[in-house]
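Please look over the sequence and the structure before reading on.

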Amino acid sequence: MENYVARLNEYAQESRLSLQYQDVGCDGPDHLKTFRVRAVIDDQAYPEGLGKNKKEAKKKAAENAWRALMQEHRDSETQTENAGQSPSTPSQAPITRTNFVAWLNEYGQKNRVSVKLVESTRPGLRGAELCCRFVVGDQEYPDAVGKTKREAKEEAARLVYNEICGAEEPTCCDVAGDVLAGASTPKSTIEAREMLDTKQSSDVKRRIRLAPNFLNVRRNSKEENMSNFSDKMTVNEETPSRFTSEFNSIDLLAQGSFGYVYKARSKLLGKEMAVKIVNCDDFRKALREVQALSELNHPNIVRYYTCWLEDAGYEGRLRSAQDSTLKYLYIQMELCSTETLRKWINKKNRNQNQWRKEESLSVFTQIVSGVEYVHSRKFIHRDLKPENIMFSSNKEVKIGDFGLVTAEADDAADLVKRTVYKGTPRYMAPEQKEKETYDRKVDIFALGLIYFELLWNFPHEERREVWKNIKTQKTPAAFSGSYPFEDQLIKRMLSMKPEDRPEAEAVKRELEHNPSCERTTV
């Protein structure tokens, strides 16, 4: 994916133009806001970019501005050709220098490695000299000196380019051919050179002199790129694991039929994350959880960061000797406490206290808040249970495991997919077990069962009978007497007919106006 923000910044710097991004505003309710941002170059505003957040809108605004500049350039070329003007000769074009610092920043972004500038001084013939060097990832590169900090910094970036690409600064006429050629060069060299954008000028329009080179690189290097395609594919197979390159202090947290979950520390951020590794027997199915999590941003839902594919699992786990084409999906998420709601309930059952009702209300209200948000985004979780509900380090409830999530739509195809017997039988609504078509109300049924478990401690020997009865709205008499408000709410949530169950929003509203309890933290 093109980094249009970096390209636009570089264009503005080289052309000595002012560039700013303006927040135009946002539309929609709080949980469905659409942000609008536009790029303004030398007082000229370009089409607005839209996004779910300001960062996304800024990226889109940069893309819109860049595409508009490209179109202006193409229009000017057409006008020049129609006017019969001859193209400028090399002697007519002003000499431009490669911006190695901009190249290095883009190289770091594209390859997901940190780029750090280290400044120092050393004695010289005319006093102290300013030195700069770059640390890219874990590798340090040579020092460079200059009369000014900017000069030293640019020279240091050039030394990095020379070591990575194995070539001196390319000339303007070489960028489309010689620089991008070289089928035997390493993958890092190929990617680095493809990112390098030496600026050629044109007498058509000075303010868009980047555009000719941008177009020529793609047009003139088509044959070279085709000849190098097989070499690039071979190199990709030898790419080291991103997981082990970007993370350390890796510890196994959990494992199951889905795969493995690890706790790992990000080398770049110095922060602990959770990384889930899943077999991709069915790539689209494996991406379902990621696609849902990427659209959900709520304090009571496990936060998703990013994902990527690799050819093998960590430490040989999940490796399939029979299928060398098998891929593995790595999902990087927020790290939660190892205590699940199931452990929380078991602990309360062992140590009964007078505050259980209040504490359970606080926990359940947060769960309902998360489910309400999931439903507002047109998703059905389908596997709500205490084992899939966790706590953050500050005891905030987090709903996780969206592996069975499905979109709630009206078309027949999605309804057919939901007829499959999916979920945990113990918490399934009747319509899930009977394999009928169903909607988000299956989550409400599971919530009713969870709320009952949060409040009531029933002996193990009675568990089977009590659980069977509760699913048919028959609560123990002692429960009804102790919790009259909760008893009525739970019975409505466990209605046999989905249409008789309340929406998550209505459940949350009733909990917030419950006069029998005051909200407390866990």
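Glutamate 10 counts as buried, at 8% relative accessibility, where buried means under 20% relative accessible area, exposed means over 50%, and partly exposed lies in between, computed with a 1.4 Å probe on protein chains only. The model is predicted, and local features need pLDDT of at least 70, side-chain atom pairs count only at pLDDT 80 or more, and totals for chains, interfaces and linings use all residues. Residues are numbered from 1 along each chain as its sequence is written, and side-chain values use heavy atoms, with hydrogens and water left out.

Glutamate 10 belongs to helix α1, residues 4–14; helices (H or I, at least four residues) and strands (E, at least two) are DSSP runs, numbered from the N terminus. The C-alpha atom of glutamate 10 is separated by 6.6 Å from that of alanine 102, although the two residues are 92 residues apart along the chain. Alanine 102 is itself one of the buried residues of α3, which also include Phe100, Trp103 and Tyr107.

How far apart are the end C-alpha atoms of helix α3? They are 16 Å apart, which agrees with the 16 Å that the 12 residues of this helix (residues 100–111) should span at 1.5 Å a residue, the expected span being 1.5 Å times one less than the number of residues. After α3 comes arginine 112, with a positive phi near 55°.

**Two further residues with positive phi**

Lysine 378 is not a glycine, yet its phi is positive, at about 65°. This lysine 378 sits in the loop between α11 (356–376) and β14 (379–380), and it is exposed, with a relative accessible area of 52%.

Arginine 382 is likewise not a glycine and has a positive phi of about 75°; its place is in the loop between β14 and β15 (389–391). Is arginine 382 buried or exposed? Arginine 382 is buried, with a relative accessible area of 6%. No salt bridge is found for arginine 382, and the nearest side chain of opposite charge, that of aspartate 443, is 7.5 Å away; here Lys and Arg count as positive and Asp and Glu as negative, while His and the chain ends are not counted. The side chain of arginine 382 does, however, have a polar contact of 3.1 Å with that of tyrosine 438, a polar contact being a pair of N or O atoms within 3.5 Å, of which, within protein, one must be able to donate a hydrogen and the other to accept it, and residues adjacent in sequence count only if both atoms are side-chain atoms.

**A cavity beside arginine 382**

Arginine 382 and aspartate 443 are both among the residues that line the second largest cavity, together with others including Leu384, Tyr427 and Ala446. On a 1 Å grid over the protein atoms alone, a cavity is a set of points where a 1.4 Å probe fits but cannot get out, and lining residues have an atom within 4 Å of a point. The volume of this second largest cavity is about 50 Å³, and a search of the whole structure finds four cavities of 30 Å³ or more; grid points are joined across faces, edges and corners, and a volume is the space filled by probe spheres set on the points. Helix α14 (residues 441–455) gives the most to the lining of the second largest cavity, with three residues.

**Salt bridges**

Side chains of opposite charge can pair when their charged atoms come close. A salt bridge is a side-chain nitrogen of Lys or Arg within 4 Å of a carboxyl oxygen of Asp or Glu, and by this rule the count comes to 25 salt bridges. Three of them are listed here.

| Glutamate 453 | Arginine 426 | 3.9 Å |

Arginine 426 forms a salt bridge with glutamate 453. Arginine 426 lies in the loop between α12 (412–417) and α13 (430–433) and glutamate 453 in helix α14, so the pair ties together parts that are 27 residues apart in sequence. Arginine 426 is partly exposed, at 29% relative accessible area, whereas glutamate 453 is buried, at 3%. Both residues also belong to a network of salt bridges that links Arg342, Glu387, Arg426 and Glu453.

Aspartate 487 and lysine 491 both lie in helix α17 (residues 484–493), four residues apart, or about one turn of the helix.

Methods. On a 1 Å grid over the protein atoms alone, a cavity is a set of points where a 1.4 Å probe fits but cannot get out, and a pocket is an open set with protein on both sides within 12 Å along at least five of seven lines; lining residues have an atom within 4 Å of a point.
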